[in-house]
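User: I am new to this structure and would like to learn how to read its features one at a time. Please take me through them.
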Amino acid sequence: MGIRFFRGQKIKYEHEFSQLREIVEILRKEYPTEPVYLLTGVLVANGQIDCVILTKNGPLILDLKAFRGEITGVENGKWEVKTKDGPLPLPNLFLQAKIHRQDFIDRIIPTCRSQFPHVGETNLRKTGSWLYLCKGSTYPEGQIDFRKVKWFRIVTGDDLIQKMRFMESGYTLRIQDMDAIVRALRLEEYSFEDDAPLVPAAKTRKKPLVSRTTLIILLIILALFCIGLFVILAFPGAKVAAANALQGVITLTGGWMHTVAKDSFKKNSSVQDSQQALIYLNRLRMGEGETPLSFDERAYTLALVRARDMAEYKYLNYTNPETGSSTLALKRWHGFSENESVFETLYSQWTGYTPGIERQAIDSWITDSGNRQRLLFDHPSGGMACADGYCSYIGVRHIPAQGMNPTSSPMNATVNASA
C-alpha cells in the first residue's frame, strides 16, 4: 500500500520539508505494506497543523520544530531551548499542541458520527498531539507528567516509531475512514518527491446512471421491439409469430429486472455467497501452503446471526454491549457440540451491504497481521456472512482430547474491527 500524501497548504519552509522527509523515510521503513496517510499544511480554526499521520491506530498530530537542544517548559508559562549558542525563548509549545489537537478533533467529529461511528467520539478524543524536534534534542524528566497527559509527547526521529508503537487508540482506523477524514478536510493529494498534485481526494468519481451492461440490454430490447413492429406492419400474417416473440422478450426482461431488483435490495449474504467467499479464502490459504477449509453451514448461520445482531444494535465487538450475546454463548444453539471450538473475526463498512462485501472483508483481514493469523490458522472448516455492512467469519475446530499436545488447543473467540 505505501504512503499517500495530502495537503491543505504547500510546504513553505525548508526546515519543514527536511523534517517531513525524515519522517517519511522513518514511516516507509516501519510500514512497508500497511496503509499510511500523511497530511501536511492542514488549516484549522486557530492556525495550521504541520503534519498529521493516519495509521490503523488512528490520527497522530505532529508540530514540527526546527531547533536542537535541551527543552524546558511545563503546562503554564513560556518555554526555552538551551542551544550551543545560548538559551532561546519559546512560546508555550504545550498550549499550541493542545489548541491544534482540539481544533482537529472538533473538525473531525461530525465526520466520525456520519462516516465511521464505530470509532466513537470518546476514542477520537484520545488523538495525540506531539512536538517533533531535531535529532539530539532532549526534554529532562520532572516537568510535564506524561502519565497524566497521555496525548502529549516530545519526540525526535530517534524515538518517533518507538512511541507510536505504544499508542492506545482503542479502535482500528480503516482505509475508508482515512479517506473520509481527507474528504472532510478537503485536502489535495500530491507527490511528495516532485510536489505535483494528483487526483484530489475530495472529489469522488461519478458513477454512471446506467451501467454498460444495462445499457446494452436496453438497446437490445429496443432493437427487438423495432424489428417486431416492422414485421407486424410489413407482414400482417406474421402477427402471431411477432406476438410470441414479443412475449418472449417481455419474459426475458422481467426475469432480468427481477434479478437486478433482488441484488439491489439484498441485505445479507446467502449460503451461495458464503460458499464463494470460502472458495476465495481457500485460494489465499493454499497460496500460503495451508490446507483448504470445508464449508460449515452451521458456521454460516451463526455468522449471519452475529452480523444481523451487530447491524441491529450498531456495534462492532465480539459481545453485544447491551444484551451480552456472543459467539460462544450462541454456538450450542447452532448445532455445535461441546468438543468443538469456534473463533470469530469481524469487519464493517458504513455503506451497508454491497455485492462483493464478503471478499472485501477477507482482503481487509488478510492485510492485518492479527486477522491474517486467524484466517490462516489450522482449522478444518468455517463460514462467513454479512448483513447491512457488518461481517462475521466463524472458524470451527475440534477440541483435542485430554493428554494431547497442549500447543494444539483451539483459539478463543476474538474480534478485530478492520477495513
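Predicted model: local features only at pLDDT ≥ 70, side-chain atom pairs only at ≥ 80, totals over all residues.

User: How many disulfides does the structure hold?

Analyst: The structure holds 1 disulfide.

User: Is Cys112 buried or exposed?

Analyst: The term rests on relative accessible area, and buried means under 20%. Cys112 counts as buried because its relative accessibility is 1%. Cys226 has 44% and therefore counts as partly exposed.

User: Which residues of helix α11 are buried?

Analyst: An α-helix has 3.6 residues a turn, so residues three or four places apart point the same way. Here, helix α11 covers residues 357-367, and its buried residues are Ile357, Glu358, Ala361, Ile362, Ser364, Trp365 and Ile366.

User: What covers the buried residues of α11?

Analyst: The cover includes the helices α8 (271-287) and α12 (369-375). It also includes the strands β12 (340-348), β13 (381-387) and β14 (390-398).

User: Which residues touch the most other members in the largest nonpolar core?

Analyst: In soluble globular proteins, nonpolar side chains tend to be buried together. The largest nonpolar core in this model has 25 residues, and Leu39, Leu54 and Leu185 touch the most other members. At least two residues of this core come from each of β2 (36-44), β3 (47-55), α2 (93-115) and α5 (175-185). There is also a second, separate core of 24 residues, with Ile23, Leu60, Leu62 and Leu64 among them.

User: What does Leu54 touch?

Analyst: Leaving out residues up to four places away in sequence, Leu54 touches Pro35, Val36, Tyr37, Leu39, Pro59, Leu173, Met178 and Ile181.

User: How many salt bridges are there?

Analyst: The count comes to 17 salt bridges. One of them pairs Asp195 with Arg7, with 2.4 Å between the closest N and O atoms. This pair links distant parts of the chain, 188 residues apart. Asp195 is in the loop between β10 (188-190) and α6 (212-234), while Arg7 is in strand β1 (residues 3-7). Asp195 is partly exposed, at a relative accessible area of 35%, and Arg7 is buried, at 4%.

User: Where do Arg165 and Glu30 lie?

Analyst: The side chains of Arg165 and Glu30 meet in a salt bridge, at 2.9 Å from N to O. Arg165 is in the loop between α4 (160-164) and α5, and Glu30 is in helix α1 (residues 14-30), so their pair ties together parts that are 135 residues apart in sequence. With 57% relative accessibility, Arg165 counts as exposed. Glu30, with 29%, counts as partly exposed.

User: Which parts does the pair of Lys56 and Asp368 tie together?

Analyst: Lys56 and Asp368 form a salt bridge whose closest N and O atoms are 3.3 Å apart. Lys56 belongs to the loop between β3 and β4 (58-64) and Asp368 to the loop between α11 and α12, so the pair ties together parts that are 312 residues apart in sequence. Lys56 counts as partly exposed at 26% relative accessibility, whereas Asp368 is buried at a relative accessible area of 11%.

User: Which residues do salt bridges that share partners join into one network?

Analyst: Arg4, Asp179 and Glu189 are joined into one network in this way.

Note on methods: Residues numbered from 1 in each chain as written. Heavy atoms only, no water. Buried < 20%, exposed > 50% of the residue type's maximum accessible area, 1.4 Å probe, protein only. Helix = DSSP H or I, 4+ residues; strand = E, 2+ residues; numbered from the N terminus. Contact = heavy atoms within 4.5 Å. Core = buried A, V, L, I, M, F, W, Y, C linked by side-chain atoms within 4.5 Å. Disulfide = S-S within 2.5 Å. Salt bridge = Lys/Arg side-chain N within 4 Å of Asp/Glu carboxyl O.
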